[in-house]
Structures are given as structure tokens and as C-alpha cells.
Protein chains: 2
Amino acid sequence: MFEINWRPDKTYPMPLHLQIVGYIKEKITLNEWSIGTKLPSQRTLAKLFAVNRSTIIAAMDELAAEGIIQGNTGGGTKIINNTWNLMNKNYNWNGYISSGNHQPNHMIIQQINEAESDPEMIRMGSCEPASELIPQEKIQGILKKLSVSSQPLGYEEPRGSLFLRKEICNYLKTIGIVANPSSILITSGALQGLQLISLGLLHANSIVYLEKPSYLYSLRTFQSFGMQLLGIPFEETGINIKKLSERHKSKQGSILFTIPTFHNPTGTVMPLEKRKELIHFCEKEGLPIIEDDVYREIWFEDSPPPPLKALDNNGLVLYVGGISKNLSPGLRIGWIVGPEQVIARLSDIKMQSDYGSSSLSQNVAAELFASGLYKEHNEILRKKVKVRRDTALTALNEHFNEIATWNIPKGGYFIWLKLNYPISMYQLFVKALNRKVLIHPGDLYEFRSNQHIRISYSNTTLAEISQGIKILSELVLEQLQ
Amino acid sequence: MFEINWRPDKTYPMPLHLQIVGYIKEKITLNEWSIGTKLPSQRTLAKLFAVNRSTIIAAMDELAAEGIIQGNTGGGTKIINNTWNLMNKNYNWNGYISSGNHQPNHMIIQQINEAESDPEMIRMGSCEPASELIPQEKIQGILKKLSVSSQPLGYEEPRGSLFLRKEICNYLKTIGIVANPSSILITSGALQGLQLISLGLLHANSIVYLEKPSYLYSLRTFQSFGMQLLGIPFEETGINIKKLSERHKSKQGSILFTIPTFHNPTGTVMPLEKRKELIHFCEKEGLPIIEDDVYREIWFEDSPPPPLKALDNNGLVLYVGGISKNLSPGLRIGWIVGPEQVIARLSDIKMQSDYGSSSLSQNVAAELFASGLYKEHNEILRKKVKVRRDTALTALNEHFNEIATWNIPKGGYFIWLKLNYPISMYQLFVKALNRKVLIHPGDLYEFRSNQHIRISYSNTTLAEISQGIKILSELVLEQLQ
């Protein structure tokens, strides 16, 4: 059976038949449609793709010319080949591509990554800061003055620039974490920190406990190396510790991944008392923790409780932070804080992965901290983002009041919208994409969730937020009918 | 049996007994010495480490205080624990560290990585360009003028900055490679390219054919993911194709890794005819190629023959290049060129690894190409490096004439020295380190090679090259006696 839940996009700057060719090639590459498969009739295909039959004929001609399909006088068209020339490549790489170690990204994420660069898109999907949230002038000033006499152009130490690590120590003190430079590893964004942990500390069959829903479900980092994600139910204050306790059996190589502050996607902030309780539980069980804390600085009224790492007296917590969310994603600067022996191990893997992060970026980041611009910028940022959140909430009140409920985030970049009734999220995603609205459907964060949407207000204009939410409500209503 | 082929370094700014404590802890962490193991007597340890007995007593006291060993009145001291406090960490991470997926670096490489930052070291080990070889003023000029209005501070497209990819296309044309921006992925240095290939295209049990000796032996990238390295004998003109043909049986997922230009470590340049022959062989066999070409621009008299990629009409070659060797390692900019479908796969893995390389670095690199400074700089670089090579050759003629032979490199940063008689390379490495000379012993490049040393002339002053080679000859002579 052919399941085709995708349609070419008429607004996309590529002929419809070539979009269809691309789709079919992808299906074959992904081995979803194998050699020998008989394609449906042209009439059926036209219906499935919602295009004219002439478009299907053009697509079939193209695929036949590339030697991928063959028409049969006895009726029907078959897939006869899975190699094709895209440039000058007759060589068949498909075996390599499909058997490579690492899993591909979720198809929707790949589509999102592609669509991100469309300038007409209303980007309510990923949580990238809009350029007006990035302190461009401050950074420009630093670049003008930066002395590149030696360090910023050569390799750094295995753990990263000492200048930057010292500055991060000073910063960490302000949020309650006592660390020395040897217990910090500079990474290329917080995401790389997770990859290094998965490569350096976990093994196939390690269990990664996580909140359900969780941002981690949208990544393939852990699963690609054979680890198992085990979702723990979520309650108003965060992860349900009792349930975690019930599920936590095998201790060999397991770890807890948690986002206690502005939890992604629900926005939840774990209260101080519960943080203490969680640390206590993990200490008792000998269960180490990965604490993802990348949204901490983006709070609106009150600063959040101290991170788990600040309450950790036993070196149980690996703290993952960075500046991509609140300052500049393009610098690609993040950090892991943990026991020295763990940091030594992870820095060795980092050296083997990319021989360290950009020295230039590290030095610019260090100057941002050292000059006080980091702190100053965060204060401005909070005010700007609060206006965005309020605009989103106003639009939700106007358009979603009857059909959904949502949280009021106290910080971070997103709202977790819960529809009153389930709908096909993939359909909504594609329809929204066609109307140039990019969202993250909830099933990226919770397997088969068909009632949630994560709406980000960080990378749009105020007008776009209102407009995007309005369009989205229309599409949801359409699907509910 | 205790094999201790390491001794504390009297010149190192750390008390001898703490160096010994560190060494023993490392042995336990690496599970080379397990719990329950009985340590030799203090007298024997003193002899093995070549220190006074009082130093051993101090080291044992420290280890006992940390609860790692326990003295026994019935005689002997045992390892009783493998957890210890390094900072505030009572938690035992050792299980995680030792069972993590990725292999640690070669112990010597870890030592080298640490020693690199010692300012008194004569660095004839790694092939990092000295700061005088980096065009600091040119880059400073670019930073002053760089407009960070938007792109350099936000995320880039999955394949990297289009501006940079276009510039790389133009550059590639000058060395005979026709590529379009979609067939290029920007990586954080060439090394990351290899990791992405191992994660994205190969699987456990894939066979990686490589020259013997090869730089690749010094990395753990492929082995960590279960791939098997299979060394092919080397001849004057490069890899022995006949031998490759004999060994190449299993075709499933195998790949050839080769450095045809200024081969690392031998400096060999594969002649054009042989390049054609190799491409022909691989086409016939359907064996894809990773071509590592990072030293290409550093030639002295004549530019080398075109890369294999320029001769590849079938999309068989994945070309790995970068600017770390000839321009600035700190920018961490490299690239992979290959068929679009392969690049799409690798860029997806890259997005999952670190969400792209530093945009700031990418934009600086693009400006270097666009302004013509890249080309201009390479011309200056070649002249400077040639003087270094000549200085090294003069010193070798003076000090090694009787005890070794070597190649005269036509480009690149290193000389492959072959001693007339085998010696313990590890001993030589440690002794040289004690005299502040850092070398790469040949066994990093060829398993159990005890007759070769790779001498790099890129990261020393001219006086240091002569001095370092002189010291080295003394140490070799000492060991030959």
C-alpha cells in the first residue's frame, strides 16, 4: 500500500513535478519503496498528490529518464533502480547512506531545517533568537577591538580557552554553582555536549530517563548509539519522582536527562523543594543527572530557582549550558560542568571529534562575559522577550480560546498548546508550511502526541506572531470539521 | 605483573609523588590495574619509578588517604577502591568512563595534547602552524570590517554558509575540482569530516583500507564505531594498488582512506599516473575513497598533481580539505566535497552533532577567500615553510647522518625519519619530553613501529628546530648504546 501523506507545495519555487520526483526518490532512498514495487496508476497518483495528471506524466518521464522507473506495456510502472545521477555521481552510495551508524533526523525536523531558510516563513517552530534579540552592536564592538595576536587563531587547550572557562566560572557563581576551570569543557553549543556524553559515558543499552514530553525526543543523539529513552510521566511541578523511582530498576549505565528550568516544551519550572527532593533521590539511587539549562537567563518576572548543579554536593550532575539561546547561536558556544575526571574524558572525545571549538568564537564569548556585556544584554533581552510572549498570549486568547488550553510561560521561548481534540499533526504541519507558517508539532516531543503544538515566539516579529497564530487557528478549525 | 614504562618528570611543575598518584589512578581508571591487585613493595616501586623510597611513601600515603589502597600487616598493599574525590565528587563515574562508547585517545596523544600548552616545549610533534605562519594582520583587518548585521551571529543552513561554500567552489576550481555549493558541507576542521563519515556512511565491521603507515592510525575515530582498519603496504609512489587489490575481498561497506598529496607521515606525493590508476581500480571495484588533502597548499617548488577528486567522474571520492594547516587552526573550518545525496546525509549528522560550525568563523573564512587574501597568504607561507624545512634538513645532516635516513619533503610540515636500528620509541618519547622536546613516535602511525619518528618543523622557531634535532640525536645515541 502506498501511503502518501505529502503534497507538493504550489508556493515553493520548484516545479510541482520535480517536487514529486524528489519525494519519490526520497522514498526509495529511505528504502520505504523498494526495487520491484509497482507504482499506482497515473490517475491514482494525481489524486494522491492532488495535482493534474499532466504533472504526474512529467514526473514519470523524469524518473524514467533517470532510469529509476520503467513503464510496462502489460500495465503498471515499476521501480527498477535506486541509483541516479544527481550531479556527476553514477556511484551508488545508498547502501552506505542507509547502513551508516547514526540515525537520520526525524523527517519533520529535516523538513524544518530546510524550511528555516525561507525568508517568507513565519518561524514559530525552532527557538532561535530573532536577529533583533542578538546584541549585534556589542559583538561588532568586540570584533573591532579583539586582538588576534596569537590565541584566537591557534588551537586551544583540550578543555577550551582558559580565558573563557575562567569567565564562565565567574558567571556560574552568580547562579550558585561553584566550579573551577578544570571542571568545565567548552563545547560547540549545548547540543554537542549531549553527543559527547553519549559517546564518552554511555554505552549501547544504557537507559536515559527523561521527562515525557521532552525536547530530547526530538533528537536522535542517544538512540543512534544504542541507548534507550525511557519516558517518565510529568506533573505540574516537573518529573514525577515516584514514577521515576518505580521505573528505575537497572542501574548499569543509566542516567537521567532533565530540564528543570523552563522545561522544553512545557515551560515548567521545577520548584526548589522538588529540586532538592530529586537530587536526594538520585544520590540515594546513584543515578547521575544531565541537567539541560539553556533557557535559564530568559525569565520575565523572577529569576528561577538555582540549578540542580548548585544543590549537588556529590558530583552527580553534568550541567549543560550555553549562549545560543540568549545571546548568539552563530558563535556555537556551550559548556559542560562536571567532575574533573568526567570532564577529562569528555574533552578527550571532543579532541577526537573536532579538535576543539572555534578559538575565535571562544575569545569573543570570553570578552562578552569579561566586559559585563553578557549581563547587560540579558537584562534587555528579558524585556524584549516578555513583549513577545504577551503578544502570543493575546493572540491565543483571541483565536484559540474555544479550541485549546495552554500554559503561561514564566520564561523561555515557547508555549505548549493543548488542543481540546486530537487531529493529524502531520497534516497540520504540512498545511501550515504551505501557508508559510512553521510550527513544531507535539509529536516531536512525545511519541504519537496528536493534541499538542509547541509555539515559539522568539524568531518572529510581533505582527508575525499574531498573524501566525491566526492562520494556525484557521487550519486547526478546518481539520476539526 | 606490573609493567611500568613511565617515570615521573622531575622538570614538571608537580611534586613527584603526586605525579605517581596520578599515574596509578589512571591505571586503575583504565582498568589495567583492578581492585584486589597487590602492589609491589615500596622498594620495587621506587626502582620502577626511579625515585627515592620517601617519594613512594608519600604517594602511598596519599592513595591510602583517598581510600584507594590499603596497607596490610600481613605484608603488601592492595588496591581496594576505584572511586576517589578529585573535587567535590564522591560519585563514582568510573563505570561510565570506562564503558562509554568512544575509545579514549592513544595515551601518548593524550600526553602530547597536555604537553602542547607548555610554553618551554620545542614542539616537533603535531603539525600546527606556528603563530608567525598565521596571517594575523590579514584576519585582524577582516574582523575590523566584518559586518555582523545578521548572518555571522545566527545559525547557518545545514550545509554551512552559502557565501563560504560558493567561495570554496571557486577555490576548488583552481585545483581542478568542479563542484557546486550543494555538494559541499562545511565542517569544524577536516577531522570532524572523518567523524561524520564514520557516523553517517559506515557501520560496525566496515573495513577502512589505508596506507601503512598512515596518520589515520593515530586516530580512534573509526575504531570507536566498530570499523576495522586494514593497512595496505606502501611503496615509493604511494599505496601499493596490487596489494590493495589482493586484500579487497568483502565489498560490503568498505572504503579506502588515502592521503595522496604530502602523505602523512611519509611526505610522499602520488604521481598523476598512479592517481589515474587508483581511481580506475576503485571504479572497477566499486570501492569509494576518502581523500584527505589538507596539506595541498604547502608545496615548495612545484604544485602537486590534481587531487583524486579532480579525476573522479563517478562520484566515488569524498574529498576532505580545510584551512587549519595552512591558514588558521583556530577558525576550525574544513569541508567535505561529495555527491549531493551523501552531503545531504552528512549535513544531517552534522546538524545532530553540533548544529553547524561557528558562523563567525565561516564568515571570516569566506572573506579570506573572497578578498584574495587566501591565495596571497599561501604564497608567502610556502616560502616561510621552505626555510623551516631546509633548516631541519641541515640539522639532520649534521646530527643524524650516521644513525638514520629520511625523505626530503616537497611540501607539508614533516619529515619521516628512519633510524638505522630499532629502539624503544616510548622511552625516547618520554626522555625527549623530559628535555622539553615533543615528538611523534612512529608507532602512532604504524603499529609497533620502533624505528621511525615524525619530525614536524611547523611549530618551532628555526633555532628550536636545530636545537631539538640535536637533543634528539643525543637521546637516540644514548639508547643505541
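Mentor: What follows goes from domains to chains, then to a sheet, charged pairs and the backbone. Keep in mind that this is a predicted model.

Trainee: Which domains does the assignment give for chain A?

Mentor: Chain A is divided into domain 1 (16-99), domain 2 (107-127 + 378-480) and domain 3 (136-371). Domain 2 is written as two segments, 107-127 and 378-480. For domain 2 and domain 3 of chain A, the C-alpha centres are 26 Å apart.

Trainee: How is the size of an interface expressed, and what area is buried between domain 2 and domain 3 of chain A?

Mentor: Interface size is often quoted as the accessible area lost when the parts come together. Between domain 2 and domain 3 of chain A, about 2000 Å² is buried, and carbon and sulfur atoms give 60% of that area. On the domain 2 side, A:R382, A:F414 and A:Y445 lose the most area to domain 3 of chain A, together 30% of what that side buries. In residue terms, 22 residues of domain 2 of chain A are in contact with 21 residues of domain 3 of chain A.

Trainee: How many salt bridges and polar contacts link domain 2 and domain 3 of chain A?

Mentor: Side chains of opposite charge can pair when their charged atoms come close. Across the interface of domain 2 and domain 3 of chain A there are 2 salt bridges. Polar contacts between domain 2 and domain 3 of chain A come to 10 residue pairs. Helix 14 (373-399) and strand 14 (414-419) of chain A each supply at least two residues of the domain 2 side that touches domain 3 of chain A. The largest share of that side, 7 residues, is from helix 14 of chain A. By class, the domain 2 side that touches domain 3 of chain A has 12 nonpolar, 4 polar and 6 charged residues.

Trainee: What is the strand order of the open sheet in chain B?

Mentor: Strands of a sheet pair through backbone hydrogen bonds, in either the parallel or the antiparallel sense. The open sheet in chain B has 8 strands in the order 5-12-11-10-9-6-7-8, with mixed pairing. Strand 5 (184-187) and strand 8 (238-239) of chain B are at the edges with a single partner strand each, so one side of each has no neighbour in the sheet. Strand 6 (residues 207-212) and strand 7 (residues 228-235) of chain B pair in the parallel sense over 6 bridges. B:K212 stands opposite B:P233 in strand 7 of chain B.

Trainee: How far apart in helix 14 of chain A are A:K386 and A:D390?

Mentor: A:K386 and A:D390 are 4 residues apart in helix 14 of chain A, which means a separation of about one helical turn. They form a salt bridge, with the closest N and O atoms 3.5 Å apart. Over all chains, a search of the whole structure finds 36 salt bridges.

Trainee: Which peptide bonds are cis, and where is B:A50?

Mentor: Most peptide bonds are trans, and most residues other than glycine have a negative phi. The bond from A:K212 to A:P213 is cis, with omega near 5°. A:P213 is in the loop between strand 6 (207-212) and helix 9 (221-224) of chain A. The bond from A:N264 to A:P265 is also cis, with omega near 20°. A:P265 lies in the loop between strand 9 (255-258) and helix 11 (272-285) of chain A. B:A50, a residue other than glycine, has a positive phi, near 55°. B:A50 is in the loop between helix 2 (42-49) and helix 3 (53-65) of chain B.

Definitions and conventions:
Residues numbered from 1 in each chain as written. Chains lettered and ligands numbered in written order. Predicted model: local features only at pLDDT ≥ 70, side-chain atom pairs only at ≥ 80, totals over all residues. Heavy atoms only, no water. Domains from an automatic or database assignment. Contact = heavy atoms within 4.5 Å. Buried area = accessible area lost by both parts, 1.4 Å probe. Salt bridge = Lys/Arg side-chain N within 4 Å of Asp/Glu carboxyl O. Polar contact = N/O pair within 3.5 Å; in protein donor to acceptor, adjacent residues only side chain to side chain. Nonpolar A, V, L, I, M, F, W, Y, C, P; charged D, E, K, R; others polar. Pairing = 2+ DSSP bridges.
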